[in-house]
Amino acid sequence: MEVVLVYMRSVAVLGIGKTAFGAFPDRDLRSLAVEAANLAMSDAQLPSEKLEAFYLGNFAGPSFVGQNHLAPYIGTALGFLGIPCTRIEDACASGGSAFFHAWQSVASGVYDSVVVAGVEKMTSQSTPRVTEILAGAGDMAGEGRAGATFPALFAMIARRHMHQYGTTREQLASVAVKNHANGAKNPLAHMRKLISLEQALAGKPIAEPLTVFDCSLISDGAAAVVLVPADHAPRYHSRFARIRGVAQTSDYVALDRKDDITFFPAVQSAGKKAYEAAGIGPEDISLAELHDCFTIAEIIASEDLGFAQKGEGGPFAAAGCTAIGGRIPINTSGGLKAKGHPVGATGVGQICDIVQQLRGDAGERQVARSRLGLAQNLGGSGATCVVTILEAA
Amino acid sequence: MAVETEALDLTEESPVRNEAVVYTETVVFAPPERYAADAPYQLAIVELPSGERTTVRILGKTPSERVSIGDRVLFVSEEDGVRFYRKSTVPAEEQTGNTPRPLI
């Protein structure tokens, strides 16, 4: 029998806070992060002087807004003076990675209260410039130099999934239609607009076979959570969520290094580890926030995490199994597609969205009897993945 | 998992050395800033005779020059680290893109 030598404490999400996601020309990066973190600390009923460390998920602040050294830059504006303030970058999984490292610091007993924020300010740059900056999450000496953008990488993944499993453009589009329907009901979503299947299919081509409706949004926004040991949480309030399992994994950055691009090994292994830590399986999950940077990514993640059979993610989505009221509601927030994708904020925002559902606070998007929620945050074309399983207090 | 190919002659003088098979592809309509002038362009991950895969550009602007999964392509040139290939079955008179654009 394996002997576990390290005693890990159970950790709770005590507070959550999010800004609206959208295009906010009058807001700077720091003010967004400060707003989200203050909301999370206020929700946790923990004042800033009680916090022992600050973790920040941010992908490309230096490129988007020309500011480095972001963690103490934001931390001091929150009143954190003297405590460790650290920025973590793992492409679109920067927020998830910051959350994972913050969890480790509490689970291991190093700290009793930490705040994790994720932020990105993207809309002050032109779309071609944003495309160029995002491409930096790929292998710039290889695929990037050849002209790969992120839509292009996921388009090539989609082509292969269609070739091997018969996935159709209609099935991809059904993910966008569903996520827009959910986003339309989310007051903090970037795009609160219903779209039809016909509209999604007729969208402007971005990288064949993906249209503009298969792609997530370029957004500004921030999200934050406060973590404490689970046995301390009831001292503050009863609306916390317990982290039942969390795992971070990695894989090649270059898409052309992978043997089979129709699945993400990092997602499969992070899911397996998180399920094992929680002692549950996909059938126990009430709802999930999956990283739908592109519609195909949600379909593949639904397969990799065991919600759908391999190759069946397309028909599964098209049949309504992932809608609110379906077998496993996916992206009730609207997902990256409709809620928006301020890259560094995304992974932390997903945790906030799950906790909101577990508290029963999701309004008309509420999933009945939700007890266990799963969040999956993906970096690049699958080189980083963080999967978190949360349980209602 | 390898793309299925016939046994290849990989000796120095064999023209097959310049061949590759398309593993996946896309046509990019929304390029990054530095390739704005090239769009739309076709990008592919191709499998080389060695079994290695790499990301390349496919030359040509017309539908008959576009490639699909499983198509054979021929190496044309390498410019600043970017490899350019063309569809192996396009007749010479239909080829529009034999000279790669100079890269920035």
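**A few notes on chain A**

1. Let's start with one serine. A:Ser216 is buried, as its relative accessible area is 18%, and the cut-off for buried is under 20%. Please keep in mind that this is a predicted model.

2. Where does A:Ser216 sit in the chain? A:Ser216 lies in a loop of chain A, with strand S6 (210–211) on one side and strand S7 (220–229) on the other. Leaving aside residues up to four places away in sequence, A:Ser216 has contacts with A:Asp292, A:Cys293, A:Leu336, A:Lys337 and A:His341.

3. Next, a pair of helices. In chain A, helix H1 (residues 29–44) and helix H3 (residues 70–77) have axes that come within 9 Å and cross at roughly 55 degrees. That angle makes H1(A) oblique to H3(A), and their crossing is right-handed.

4. Which residues bring H1(A) and H3(A) together? From H1(A) there are A:Leu29, A:Arg30, A:Ala33 and A:Val34, and these meet A:Leu70, A:Tyr73, A:Ile74 and A:Ala77 of H3(A). Sorted by class, this contact has 7 nonpolar residues, no polar ones and 1 charged.

5. Helix H4 (residues 94–107) and helix H14 (residues 343–358) of chain A pack with their axes 5 Å apart, at an angle of about 60 degrees. H4(A) and H14(A) are therefore oblique to each other.

6. On the H4(A) side, the contact is made by A:Ser94, A:Gly95, A:Gly96 and A:Phe99; H14(A) supplies A:Gly344, A:Gly347, A:Val348 and A:Ile351. By class, the contact of H4(A) with H14(A) comes out as 3 nonpolar, 5 polar and no charged residues.

Conventions
Residues numbered from 1 in each chain as written. Chains lettered and ligands numbered in written order. Predicted model: local features only at pLDDT ≥ 70, side-chain atom pairs only at ≥ 80, totals over all residues. Heavy atoms only, no water. Helix = DSSP H or I, 4+ residues; strand = E, 2+ residues; numbered from the N terminus. Buried < 20%, exposed > 50% of the residue type's maximum accessible area, 1.4 Å probe, protein only. Contact = heavy atoms within 4.5 Å. Axes fitted to C-alpha atoms, helices over the stretch in contact; angles between N-to-C directions. Parallel < 35°, antiparallel > 145°, perpendicular 65-115°, else oblique. Left-handed = near helix turned anticlockwise from the far one by under 90°. Nonpolar A, V, L, I, M, F, W, Y, C, P; charged D, E, K, R; others polar.
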